[in-house]
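Biologist: Please take me through this one feature by feature. I would like the general idea before each case.

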Amino acid sequence: MSLPALEQMLKDRMGLDAASIGRSSVERAVKERMAACAIRSFEAYSQRVHHSHSEMQELIEAIVVPETWFFRDREAFSALAKRVENNELRLSPPGSLRILSVPCSSGEEPYTIAMTLQECGLPSTCYRIDAVDISSRALAQAAMAVYGSNAFRGTELDFRETYFSRTTAGWRLNDTVRASVHFQQNNILAPGFMPGEALYDIVFCRNLLIYFDRPTQERVVMTLRRLLKPQGILFVGSSETGLLITLGFVLEKIPQAYALRLPGEPASVSPRAPERHKPVPPGASKKVMPVSRAQPAAVPPRPSEKKPIPPSLPPSPKHDRIAEAMRLADQGRLHEATDICESYVQEHGVSAQSCHLMGLLSKTAGREHEAIAYFRKALYLDSQHSEAMSHLALLLEKQGDDAGAKVLRNRLRRLSGTSASGQGDACR
Ligand SMILES: C[S@@+](CC[C@H](N)C(=O)[O-])C[C@H]1O[C@@H](n2cnc3c(N)ncnc32)[C@H](O)[C@@H]1O
């Protein structure tokens, strides 16, 4: 057995598509575990993983990407707060808001949900937050709830003073917020994941699907559908919205929130409660648009198919819009640039071009891991996308993956004699 056999075992067990994080990362994790087990050949190590549940878990721990932070993509929490404050969630029975965060990594996401609900003035008896991850190491950190500076990014950090106390080990989250999140270890690919669980009003499944290949993504989305109430809301990562749209979900028009719902159900709006004068949640922006009334697509298009542009709309000047998005990004107006890119994805479907643009936006915003995932996706969709290749090479180099960067540069050199895809030309 060789490295590809181990990659296949990881895919079968946890869904990981080795290409999504780079084969060199997989190789590094495998070699780290081989050294820890004092095993020298891939074959012997594959046998160990095959027969030992605990070694498989150790390998998973070595390979997962636990990257997360408080109020990551904060507009999602803003959207949640808005719905709660305006009483827009149809809860049955009333006061029984159920939220799932999967994967929750080391707890920053579900704890952010809890802080948001507290800021809305919702008593903790009115909601339940479940949080699930495959990594026991990440969950142990979540249970400890003591965080270093990496968990606090950006400049809007008022919430830290409110909910954390400084200790020698780091910032410790207060007990009230901790007690409102119920953690469990589980694998979203496990057969019958969370069986018999009451359905959720809201599911956060952010930054997981990007690590899976298409069949695994579809399997996981089926599971999410099963867990979500018909009128429930699904929050995903920015680069994952296109996939959900192609699988029949409808995007809520809330900029930067990446919120979707199932088709066939009107948005979950009940008569508005009288306006409450609560403070805006920490990190929540007031810029929340009305709920979308967009009709679902009757038949979800196949992955490779682009969504047709409605005949009533003039054909989109694609490159102008990409150029416009890039211009806005260059001016630091990343939200507006991302909005244009998202509407581009809605009209044209996920493409190498849109992934490349999202990669550039993520890179400009300093989110390098996300940018790498986008550029990889662009190359997955168009193996000759020279600009994505070149940006990816630069980022890999920056991260110390010289071998990965070299492979890409060689590919670029081979392409330079031929006409490269040219798709990114308008993005310069
Ligand atoms: C990048 S983090 C995302 C955390 C959080 N949702 C966010 O967006 O900040 C990805 C997490 O997915 C978890 N994970 C990977 N495969 C999984 C699986 N098959 N089932 C459950 N969790 C998984 C990893 O352990 C890791 O903590």
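Biologist: At what angle do helix H1 and helix H3 pack, and how far apart are their axes?

Modeller: This is a predicted model, where local features need pLDDT of at least 70, side-chain atom pairs count only at pLDDT 80 or more, and totals for chains, interfaces and linings use all residues. Residues are numbered from 1 along each chain as its sequence is written, and side-chain values use heavy atoms, with hydrogens and water left out. Helices (H or I, at least four residues) and strands (E, at least two) are DSSP runs, numbered from the N terminus. Axes are lines fitted to C-alpha atoms, for helices over the stretch in contact, and angles run from 0 to 180 degrees between N-to-C directions. Here H1 (residues 3-14) and H3 (residues 23-36) pack at about 95°, their axes 11 Å apart. H1 is therefore roughly perpendicular to H3 (under 35 degrees is roughly parallel, over 145 roughly antiparallel, 65 to 115 roughly perpendicular, the rest oblique).

Biologist: Which residues of H1 and H3 make the contact?

Modeller: Contact means heavy atoms within 4.5 Å. H1 contributes Leu 3, Leu 6, Glu 7 and Leu 10, and H3 contributes Arg 23, Val 26, Glu 27 and Val 30.

Biologist: Which peptide bond is cis, with omega near 5°?

Modeller: Most peptide bonds are trans, and most residues other than glycine have a negative phi. The bond from Val 102 to Pro 103 is cis. Pro 103 is in the loop between strand E1 (97-101) and helix H7 (108-119).

Biologist: What is the phi of Ala 38, and where is its place?

Modeller: Ala 38 is not a glycine, yet has a positive phi of about 55°. Ala 38 is in the loop between H3 and helix H4 (42-51).
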